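This briefing is meant for a reader meeting the structure for the first time. Please look over the sequence and the model before turning to the points that follow.

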Amino acid sequence: MRRVVITGIGTINPVGHNLEEAWENVKKGVCGIDFTKQMDTTDFKVKVSGEVKDYKPEDYLDKKEARKMDRYTQFGIIAAREAIKDSGLDMEKEDPYRCGTIVSSGIGGLITITDQTARGMEKGYEKISPFFIPMSISNMCAGEIAIDTGFKGVCESIVTACASGNNSIGEAFHKVRDGYQDVMLTGGTEGCICPMGVGGFTVMKALSTSQDPNRASIPFDAERGGFVMGEGSGILILEELEHAKARGAKIYGEIAGYGASCDAYHITAPDPSGMGAAQCMDMAIKDAGLDKKDIDYINAHGTSTHLNDAGETKAIKELFGQDAYKLMVSSTKSMTGHLMGAAAAIEAIFTTMALKDGFVPATINYKTPDPECDLDIVPNQGRQADIKCALSNSLGFGGHNACILLKKYED
């Protein structure tokens, strides 16, 4: 099987507008959560979110093209352009049919759907934007990116709620590993901090109602009360190793394994036994041809909901046994909030950088221990550590579980 490496990274998220800024802030333990600015929260219980700070589409995109894109697509295009530039790919030297795109969104163009529904109710539904459909559908970001880059290979958008990003990265990894493509642009994007998005998750009692931004997204803390909505995008360029070496590409890290499973238990709640998530991690390790003892770090799904954090902790213990207590298990959602369909992609980027730089990100703003979540969550302070292999977990509504295994690159 062919080795697959990461040769380009792009991101825009609550802790940074590009890779360099975002990773520096993650290492410092900067909290990207604050009071929501893009919508009026006066009549909402939920007051905070993980917004992209000081975002102006015209700083990145032509005004005309930006008007034809929902916010989630804008983020995806911005991150994809950064990743392509970072990779140094020259499409004049590539076979475009060997270059593919798999980019996910858990919700898609909800802001456009909300805005155009209001317009239709006010002025009539034949007065809505002619771009309503292409702006709102969840596959359009992948399509826009393919058009923008000239990638003519496989083009897909996988929707598995908050596992979407890992399913996209994992499937893209297999496309390259198994010889179907040489280059894959993959990741996730989300932008649905709007009244319908916030309201929908609020009535499910899924969101934190804390009015302290530093005590809202608090994974594994006994006082956790729900997740914080985030927005942004993370994009990676995956490439077959010899193809990357032949063109002199820089290499951030290696992706070596992927696992996916379903709890088949409940539409929103994870299986409290943790068995589905445990099986998913085990699949990723076996897919990489490694042993459980090879894993040094897990970037946890760690959403800051009671059921997720307790269930994920149980899953890790189920798979690793007593060795679970030797692992570092942190949640970078403590800094970014939960980016839903983009979460896994952002976390794959942070995990790749953790392996490359030998630095494990912290679970910040941790204060009150929970006996159900008693692993080493790297509380409050990031840690220098020469880690070689890491898992990144994502779990989604519908019982979707997805896990990728990343390795420090060694020739």
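This is a predicted model: local features need pLDDT of at least 70, side-chain atom pairs count only at pLDDT 80 or more; totals for chains, interfaces and linings use all residues.

A residue is called buried when its relative accessible area is under 20%, exposed when that area is over 50%, and partly exposed in between. Arg98, at 24% relative accessibility, therefore counts as partly exposed.

**Nonpolar cores**

- The largest nonpolar core has 44 residues, and those with the most contacts inside it are Ile169, Leu238, Ile255, Phe350 and Ile387.
- Two or more residues of this core are given by each of the elements β1 (4-12), α1 (19-28), α7 (164-177), β7 (232-240), β8 (253-262), α13 (343-357), β11 (359-360) and β14 (400-407), and the largest share, 9 residues, comes from α13.
- When neighbours within four places in sequence are left aside, Ile255 is in contact with Val4, Ile169, Phe173, Leu238, Ile404, Leu405 and Leu406.
- There is also a second, separate core of 27 residues, which includes Ala277, Ala278, Tyr366 and Cys403.

**Helices α7 and α13**

- The axes of α7 and α13 come within 5 Å and cross at roughly 60°, and the two helices are therefore oblique to each other.
- On the α7 side the contact is made by Gly165, Asn166 and Ile169, while on the α13 side it is made by Ala344, Ala345 and Ala348.
- The residues of this contact between α7 and α13 divide into 4 nonpolar, 2 polar and no charged.

**Salt bridges**

- A search of the whole structure finds 29 salt bridges, and one of the pairs is Lys37 with Asp34, whose closest N and O atoms are 3.9 Å apart.
- Within that pair, Lys37 counts as exposed because its relative accessibility is 66%, whereas Asp34, with a relative accessible area of 32%, is partly exposed.
- Arg98 and Asp182 meet through their side chains in a salt bridge with an N to O distance of 3.0 Å.
- This pair links distant parts of the chain, 84 residues apart, with Arg98 in the loop between α3 (71-87) and β4 (99-104) and Asp182 in the loop between α7 and β6 (183-190).
- While Arg98 is partly exposed, Asp182 counts as buried because its relative accessibility is 16%.
- Arg215 forms a salt bridge with Asp221, the closest N and O atoms being 3.0 Å apart, and both Arg215 and Asp221 are buried.

**Two single residues**

- Lys64 has its place in helix α2 (residues 63-67), and because its relative accessibility is 52%, Lys64 counts as exposed.
- Along the chain Lys64 and Ile12 are 52 residues apart, and their C-alpha atoms are separated by 21 Å.
- Thr305 lies in the loop between β9 (297-299) and α11 (306-320), and its relative accessibility of 19% is under the 20% limit, so Thr305 counts as buried.
- Apart from neighbours within four places in sequence, Thr305 is in contact with Ala206, Arg224, Gly226 and Phe227.
- Thr305 and Pro361 are 56 residues apart in sequence, and from C-alpha to C-alpha they are 20 Å apart in space.

Methods
Residues are numbered from 1 along each chain as its sequence is written. Side-chain values use heavy atoms; hydrogens and water are left out. Helices (H or I, at least four residues) and strands (E, at least two) are DSSP runs, numbered from the N terminus. Buried means under 20% relative accessible area, exposed over 50%, partly exposed in between (1.4 Å probe, protein chains only). A nonpolar core is a set of buried Ala, Val, Leu, Ile, Met, Phe, Trp, Tyr and Cys residues joined through side-chain atoms within 4.5 Å. Contact means heavy atoms within 4.5 Å. Axes are lines fitted to C-alpha atoms, for helices over the stretch in contact, and angles run from 0 to 180 degrees between N-to-C directions. Angles under 35 degrees count as roughly parallel, over 145 as roughly antiparallel, 65 to 115 as roughly perpendicular and the rest as oblique. Ala, Val, Leu, Ile, Met, Phe, Trp, Tyr, Cys and Pro count as nonpolar, Asp, Glu, Lys and Arg as charged, and the others, Gly among them, as polar. A salt bridge is a side-chain nitrogen of Lys or Arg within 4 Å of a carboxyl oxygen of Asp or Glu.
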